[in-house]
Amino acid sequence: MEKLYLSEIADCLGAVCPKECEITEISTDTRNLPKGCLFLAIKGERFDGHEYIEKAIEAGAAAAVSERQVGDCPCIVTDSTRMALLKIARYYRQKFSPVLVGVTGSVGKTTTKEMISLVLSEKYNTLKTQGNLNNEIGLPKTLFNLTSGHKAAVIEMGMNHFGEIERLTDTARPTMAVITNIGFSHVENLGSQEGILKAKLEILSGMSADAPLITNGDDKFLCPLKDTLERPVYLYGIENEKCDFRAVNISEKDSETSFDIVWQDKKIPAVIPCVGVHNVMNAAAAFAVGTLSGLTAEEIVSALKKYKPDGMRQNIVKKGDNTVIIDCYNASPDSMKASLSVLAGMKCEGRKIAVLGDMLELGKSSEELHRLVGKYVAEYRPDRLYCYGNDASYIAAEASRGGVAGSFFHEGDKEFLAEKIKEILRSGDVLLFKASRGMKLEEIIEKVFE
């Protein structure tokens, strides 16, 4: 973070400045307080940062942003410290003029963010969202890492409710945006896929009228935006021949995928060191962003070769004589289908085993969507299916109805389920582990291969 004066921060909040000093870091955590930082007191579900203001000042914080005056501590008092964090981040972001790409979508946004940042880093000093810091606390923390040395930034935006992405995009002010797809994540709060589309399109409210939107041309909700939005819209995809950036000639071999990107009648060969058609889609999005950001095709292709999957996101590893696809970070019907297709396409000397857990936050649609995944299982036909959780029982039931042999469901005992998998495990088997993050399916992996 480059320095701000405390008076600047007070002015952007419309508050009184208790003193003048330089601020070179903003923190919401008293466990990590550099001397001279600004401590911002956030009320959480379990902790109230206001109770730690005096401790923060004693530890060396220069001042605090709070919703009330605390003793004689130097405090900038504001109505909402959560909104204050966004306001300060917006003020700070506007001091710089990088290419700033906002990325959102139901699934695939983190992988797409990683690929885009790799591509832009080939030419520009690029900042990116770390981990899953994509909410109203995490996004400002990312923006505070911007410096005048950054020529690009890739900012991921997540949400659970209407209005959240609007606040995030108003803070980050993207110069272009990517929407990966419209799935079922958070349908419990947003009501329908149409509601999810509306929430994702909030990203446009923080962008100038001529800032481009790059989106999935194979998605039935997103493809029409090219004809309905009064701004530049670029489509990427595989199936839709009208896509501006289209991946064709896709071929998977071992742990990499080769394909060609068709752009303005040119055909550019590319390779990514991972498998799955959905990852080709993510790469196509990154290719589009790179092209619109001034990179050559050669620079983009070189960058994509360097991609490395995250440890919890479809990471393919060897466990002794077995191959394990670890995809335990999140889950939706679309990402379940993508992972099952990867399992189906894997070459193996043994059997293909799918271990699937609950998809969370699906509300009233949960049974229907878990049954849909069961139909996907029947379509891709792994040799064995193990399901864990509550609604995963619907996956097992629908898969059995579809003729998948060896379906096994257990509600709550990971150790018991792990023992059942170990009993049938053979050399050469390939296993897929896929569920929402809250299911902690990696604990079953540990027990199977301990």
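Okay, some ground rules. What we have here is a predicted model, where local features need pLDDT of at least 70, side-chain atom pairs count only at pLDDT 80 or more, and totals for chains, interfaces and linings use all residues. Residues are numbered from 1 along each chain as its sequence is written, and side-chain values use heavy atoms, with hydrogens and water left out.

A strand here is a DSSP run of E, at least two residues, numbered from the N terminus, and two strands pair if DSSP finds at least two bridges between them.

Let's look inside. Strand 7 (residues 99-104) pairs with strand 10 (residues 176-179) in the parallel sense, over 4 bridges. Take Val 103: its bridge partner in strand 10 is Val 178.

Now the backbone. Which strand holds Asn 249? That's strand 13, residues 245-253, and Asn 249 has a positive phi, near 55 degrees, without being a glycine.

Asp 265 also isn't glycine, and its phi is positive too, near 65 degrees. You'll find Asp 265 in the loop between strand 14 (256-263) and strand 15 (266-272). Is Asp 265 buried or exposed? Exposed, because its relative accessible area is 82%; the cut-offs are under 20% for buried, over 50% for exposed, partly exposed in between, using a 1.4 Å probe and protein chains only.
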